[in-house]
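Please read them with the structure open beside you.

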Amino acid sequence: MSGYTANQATTAQDASGIDINARAVNYTCGDCDGDVQLKRGEPIRCRNCGHRVLYKKRTNRMVQFEAR
Ligand SMILES: [Zn+2]
């Protein structure tokens with residue numbers, strides 16, 4: 001870490017949102033199918049369309065198209 005100065009004069013805040021380098025989780029929007037990156041404590045919400053249903057990205061792909 002380099003030169004991180006903690007501001008003690010700021011208002012009391014939760015444990016969330018302190019570390020900028022917190023691990024962000026990648027989600028896929030259930031509506032516009034866009035990539036959404038959310039950090040810890042952030043509300044589940046798409047930034048593109050505002051949809052609130054997001055799917056967590058995983059190693060195994062989701063089956064989107066069923067055989068007809
Ligand atoms: Zn969306």
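1. What percentage of the 68 residues of the protein chain count as buried? The figure is 4%, where a residue is called buried if 20 or more other C-beta atoms lie within 10 Å of its own, exposed if 12 or fewer, and partly exposed in between, the C-beta atoms being placed from the backbone.

2. Before going further, please keep in mind that this is a predicted model, in which local features need pLDDT of at least 70 and side-chain atom pairs count only at pLDDT 80 or more, whereas totals for chains, interfaces and linings use all residues. Residues are numbered from 1 along each chain as its sequence is written.

3. Of the contacts in the protein chain with a separation of 6 or more, 29% are accounted for by residues 24 or more positions apart, a contact being a pair of residues whose C-beta atoms, placed from the backbone, lie within 7 Å.

4. The three strands form an open sheet in the order 2-1-3, with antiparallel pairing; two strands are taken to pair if DSSP finds at least two bridges between them. Because strand 2 (35–38) and strand 3 (54–56) stand at the edges with a single partner strand each, one side of each is left without a neighbour in the sheet. Neighbouring strands of this sheet are turned by 40° against each other on average, direction ignored, where the axes are lines fitted to C-alpha atoms and angles run from 0 to 180 degrees between N-to-C directions.

5. Strand 1 (residues 25–29) runs antiparallel to strand 2 and is joined to it by four bridges, among them the one between V25 and L38 and the one between N26 and Q37. On its pairing with strand 3, strand 1 is again antiparallel, here over three bridges, one of which links T28 to Y55. As background, strands of a sheet pair through backbone hydrogen bonds, either parallel or antiparallel.

6. The loop between strand 1 and strand 2 deserves a look at D33. The hairpin formed by these strands has five residues between them, and within it D33 takes a positive phi near 60°, although D33 is not a glycine. Most residues other than glycine have a negative phi. D33 counts as partly exposed because 13 other C-beta atoms lie within 10 Å.

7. Which residues does D31 touch, not counting those up to four places away in sequence? D31, whose place is also in the loop between strand 1 and strand 2, touches C46, C49, H51 and V53. The C-alpha atoms of D31 and R52 are 8.7 Å apart in space, although the two residues are 21 residues apart in sequence. With 14 other C-beta atoms within 10 Å, D31 is partly exposed.

8. Y55, in strand 3, has 13 C-beta neighbours inside 10 Å and therefore counts as partly exposed.

9. Finally, K57 is found in the segment after strand 3 and touches N26, Y27 and T28, not counting residues up to four places away in sequence. K57 and V25 are 32 residues apart in sequence, yet 8.1 Å apart in space, C-alpha to C-alpha. K57 has 13 C-beta neighbours inside 10 Å, so K57 counts as partly exposed.

Technical notes:
Helix = DSSP H or I, 4+ residues; strand = E, 2+ residues; numbered from the N terminus. Contact = placed C-beta atoms within 7 Å.
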